[in-house]
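Please keep the sequence and the 3D view open while reading.

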Amino acid sequence: MNFGMIFKVAVRAIARNKTRSVLTCIGIIVGIAAVIAVMAIGQGAQTMMVREISSMGNNLMMVFPERRNSGPVSGGMGQGQTMTAGDAEAIRRELPHLIKGVSPQVRTTAQVMYAAKNWNVSIQGVSQDITMIGNWTVSDGRFFNEDEVRLCSRICVVGTTVKRNLFQDEDPVGKTIRIKNMTFKVVGVLGSKGANNWGQDQDDVIMAPYTSVQRYLQRSKFSNINMMNLSLVSMDDLEEAKREVAAILRQRHHLADYQDNDFETRDTTEIMNTIGSVTGLMTVLLTAVAAISLLVGGIGIMNIMLVSVTERIKEIGLRMAIGATPANILSQFLLEAVVLSTVGGAFGVALGIGGAEFIGWWKGWPILIQVPSTIAAFFFSSFVGMFFGFYPAYKASRQNPIDCLRYE
């Protein structure tokens, strides 16, 4: 018997028991669909997170004052009073070969008013370098400059969410708004960034010179800042930059060798590695669950094939009696298992892609279908059929034709 004849016989045997064949394929279908859907959603989420984190800044490194605690409760990073704008200026002055941009940052929240409208918004006091450091663009008007920061000018730029809620269809550039009963002139509108990974609207913000926020909104007599944003010349110099920044801050803060740092550093590489580890772990766990489905499907194929061998004992004996070799019988039953698993794999691929796209559309999640992994999953389904179908096929090929013809 040639391969074509063996294939026809195998397909005909599968078609004789359509319901049983479909039920046999379900385990493979579910397993392959789950693998593809999980990988598509996991890869899409990881890609989106990396893209969002990259949009936070250009070779970004952040430095925070020490955590300020109230009893056993931590106030979180940026709540200490150990860092000043002078620290940022010292880093800018002494590390031009490592740092290409520095922006002190202070934060406050206030109700902003324009005409008869008002809006509660986050106010960020920054320097002119923040556009380069944080990958911010200006869609209308301009950003403030170094002289305006030094002179504590009462000017600001607004995010698109603020523009929409305060000004609606009006052009905000040149208009005057009130923040904590102080007037600020709008000189520009920031380009939209949308929501970040934590669901926070990055466009619901007003940026002003940090000196102006300190003087007019915080009414602070001190120059303490909540954090500083640094843009490195190259991320390859990250470790050196951390050491140099730490040395400058320790010297300026008069810390002895035995004292711990009164500041903390964070960078986008650290954040991306953490997120990558979490999403990678979740993908592995969910893929393991999907693999269990494939295992169950493979066991189902083995079980059905063993039942099929028992049901077709006389057929096996008859084929052997008219000249079929054990290799022919092995090939026929093995091919039946492979066809079942391959057809199940094809349906599983289609269901997995469709399911992933539907979940992405329904939940608004990003989806990334990887062609190599999809092809690998499909071929793995054939391997499952071959692996779990081998024993039943081998058992069929080892039957004695005389005993088979006598079987009742």
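Which residue just after α10 takes a positive phi? That residue is Gly323, with a phi of about 120°.

The model is predicted: local features need pLDDT of at least 70, side-chain atom pairs count only at pLDDT 80 or more, and totals for chains, interfaces and linings use all residues. Residues are numbered from 1 along each chain as its sequence is written, and side-chain values use heavy atoms, with hydrogens and water left out.

Helix α10 covers residues 313-321; helices (H or I, at least four residues) and strands (E, at least two) are DSSP runs, numbered from the N terminus. Ile313, Ile316, Gly317 and Met320 of this helix are buried. They lie on the same side of α10, because they cover an arc of only 95° around the axis. Buried means under 20% relative accessible area, with a 1.4 Å probe and protein chains only, and the arc is that of the directions from the helix axis to the C-beta atoms.

Strand β4 (residues 99-114) pairs in the antiparallel sense with β11 (residues 227-232) over six bridges; two strands pair if DSSP finds at least two bridges between them. Gly101 has Ser231 in β11 as its bridge partner. Two residues separate β4 and β5 in a hairpin, where Ala115 in the turn has a positive phi of about 55°. Two bridges also join β4 to the antiparallel β8 (residues 176-179), in which Ile179 stands opposite Val112.

The protein chain as a whole has 13 helices and 12 strands. Of its 408 residues, 45% are buried.

Methods:
Buried < 20%, exposed > 50% of the residue type's maximum accessible area, 1.4 Å probe, protein only.
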